[in-house]
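Okay, thanks for coming, everyone.

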Amino acid sequence: MLPEVEMLLRVATALTARPGQAEELVRDTLRRAYRMSDRYDGRQPRAWLLTLMHQARTDRHRDGGSPPPDDPHGGPVRASVGALVSPGESHVVGPAFHEVVDSALEALPVRYRQVVRLVDIDGLSYAEAAWLLGLREATVTSRLRRARRRIRVRLVAAGLVPGRGER
């Protein structure tokens with residue numbers, strides 16, 4: 001389970017408004033994992049930990065412990081845009097690309113930013129992201145498509161990728 005802790009922190013950061021809340025959510029998740037380790041079958045640790053995180057998050061919301069997931073005052077995106085491109089692409093998409101993508105991510109409404117973080121940066125499946133956010137998978141797909149379109153518009157405007165029909 002230890003290799004999944006970094007992923008848990010990234011996901012918790014995408015789901016909460018502040019880094020401190022994300023760390024608390026991860027601690028709650030790991031405590032639950034420890035307490036329930038006798039019931040864990042050893043298969044699919046990521047899915048099991050995400051289930052425990054979902055339960056911890058639900059309990060916190062019910063108890064009034066943290067702001068709702070669509071808090072308009074949510075914190076900035078803290079993941080590296082470098083996670084969006086493969087190492088071979090890094091020499092092609094220089095700092096200007098990263099700056100535009102960072103700026104575009106920050107400009108997205110929280111509901112779009114969350115799905116980009118969970119799917120494109122953290123590597124969760126559409127189904128996992130939908131389950132964590134309490135949405136239908138189709139809603140995640142739609143939000144992700146709209147978010148990617150907004151990011152692409154910014155990249156085209158900056159002259160960093162070709163627009164439609166310019167390839």
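This is a predicted model: local features need pLDDT of at least 70, side-chain atom pairs count only at pLDDT 80 or more; totals for chains, interfaces and linings use all residues.

Let's start with Gln44, which is exposed, because its relative accessibility comes out at 61%, and over 50% is what counts as exposed.

How confident is the predictor for the protein chain? The mean pLDDT is 78, with 78% of the residues reaching 70 or more. Confidence is highest in H7, at a mean of 93, and lowest in helix H3, residues 45-62, at 84. Then there's the stretch at residues 66-92, where pLDDT stays under 50. The model does have 44 contacts beyond four places in sequence for that stretch.

Okay, back to helices. Go to H2, residues 19-35, and find Thr29 in there. Is Thr29 buried or exposed? Buried, because its relative accessible area is 0%. And what does the polar part of that side chain sit next to? A polar atom of the Thr29 side chain lies 2.8 Å from the backbone oxygen of Leu25. If you skip the neighbours within four places in sequence, Thr29 is in contact with Leu8, Leu49, Leu52, Met53 and Ala56.

H5 is residues 110-121 and H7 is residues 137-157; their axes come within 9 Å and cross at roughly 95 degrees. That angle is why H5 counts as roughly perpendicular to H7. What kinds of residues make up the contact? By class, it's 7 nonpolar and 6 charged, with no polar ones. On the H5 side, you've got Arg111, Tyr112, Val115, Val116, Val119 and Asp120. They meet a set in H7 that includes Val140, Leu144 and Ala147, plus arginines such as Arg143 and Arg150.

Last stop, still in helix H7: Ile151. Ile151 is buried too, because its relative accessible area is 12%. What does Ile151 touch, not counting residues up to four places away in sequence? Val101, Ala104, Leu105 and Leu108. And here's a pair to click on: Ile151 and Val100 are 51 residues apart in sequence, but 8.3 Å apart in space, C-alpha to C-alpha.

That's my tour, so over to you for questions.

Methods
Residues are numbered from 1 along each chain as its sequence is written. Side-chain values use heavy atoms; hydrogens and water are left out. Axes are lines fitted to C-alpha atoms, for helices over the stretch in contact, and angles run from 0 to 180 degrees between N-to-C directions. Helices (H or I, at least four residues) and strands (E, at least two) are DSSP runs, numbered from the N terminus. Angles under 35 degrees count as roughly parallel, over 145 as roughly antiparallel, 65 to 115 as roughly perpendicular and the rest as oblique. Contact means heavy atoms within 4.5 Å. Ala, Val, Leu, Ile, Met, Phe, Trp, Tyr, Cys and Pro count as nonpolar, Asp, Glu, Lys and Arg as charged, and the others, Gly among them, as polar. Buried means under 20% relative accessible area, exposed over 50%, partly exposed in between (1.4 Å probe, protein chains only). A polar contact is a pair of N or O atoms within 3.5 Å; within protein, one must be able to donate a hydrogen and the other to accept it, and residues adjacent in sequence count only if both atoms are side-chain atoms. pLDDT is the predictor's confidence in each residue, from 0 to 100.
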